[in-house]
Amino acid sequence: KCPIKLDVGSIISTDTSGAWISENHAYISNNNIVYKVNLINGEIEWSSEVEGDCDRQTVVVEKNRVYYTTLKGVVGCLQVEDGKKVWDIKMKEGLIVSPVSIIGDTLFVLADAMLYELDKISGTLKNRQVIGHTPYSMCSVFGNYVAVGGGEPPSHGLLTMFQIEEELSIPEVLSIPEVLDYFTLDNDFDNDYIEISIKTL
């Protein structure tokens, strides 16, 4: 098939932007539009406009939902079948540059210098942890641990690790407990809405 022209756009980083392939379809974001492309006949089956550029980071598809984040601080969910909006919410920071991660019924979103846990069905907040600025990469999941990396100054590769309380096979009670280990390297950020939590032992 001939190349499919979506419009003028950009691929900023190959580690986070690109296409999500699922069941003979590619889900591609360009500028502020998410596309579903049939890989058999090369046709665009639907396109859905979202708030803010969503091509900095790939969309994530699971079952009948497409999850996206944008450079205007929006995280949202579309229907796989027709691209219609299921829900979207706007974070305080106004900038999300990493894809979401999914474990069970929980959607992990890096925004506002926090790790947010959202219910993937409704988008409602389940939990959050203050972790500092952690750009670009999505959360890495292995076993019952979740790792979050800070990819640019001032974090300079800071890695934060969380342990999931319950087994991944029981998503309805999934939550993130205490930070296993944490340190900072003069990490600061400009934001009028961030909440800082300090716990002393």
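Why is strand 7 largely enclosed by the rest of the structure? In this predicted model, five of the six residues of strand 7 are buried, so the strand is largely enclosed. Buried here means under 20% relative accessible area.

**Pairing around strand 7**

Strand 7 pairs with strand 6 and with strand 8.

| Pair | Sense and bridges | Residues between strands | Gly in the turn, phi |
|---|---|---|---|
| Strand 6 (65–69) and strand 7 | antiparallel, five bridges | four residues | Gly73, positive, about 80° |
| Strand 7 and strand 8 (85–90) | antiparallel, five bridges | five residues | Gly83, positive, about 80° |

Leu78 can be followed across both pairings. Val66 has Leu78 as its bridge partner in strand 7. In strand 8, Lys85 stands opposite Leu78.

**Two cores**

The largest nonpolar core has 14 residues. Val75, Met91, Leu107, Val109 and Leu118 have the most contacts inside it. Strand 7 (74–79), strand 10 (106–111) and strand 11 (114–119) each give two or more residues to this core.

A second core is separate and has twelve residues. Val66, Tyr68, Leu78 and Val80 are among them.

**Contacts of Val109**

Which residues does Val109 touch, leaving out those up to four places away in sequence? The partners are Val75, Met91, Ile96, Val100, Met114, Leu115, Tyr116 and Leu118. Among them, Val75, Met91 and Leu118 are also listed with the most contacts inside the largest core.

Terms used: Residues are numbered from 1 along each chain as its sequence is written. This is a predicted model: local features need pLDDT of at least 70, side-chain atom pairs count only at pLDDT 80 or more; totals for chains, interfaces and linings use all residues. Side-chain values use heavy atoms; hydrogens and water are left out. A nonpolar core is a set of buried Ala, Val, Leu, Ile, Met, Phe, Trp, Tyr and Cys residues joined through side-chain atoms within 4.5 Å. Buried means under 20% relative accessible area, exposed over 50%, partly exposed in between (1.4 Å probe, protein chains only). Contact means heavy atoms within 4.5 Å. Two strands pair if DSSP finds at least two bridges between them.
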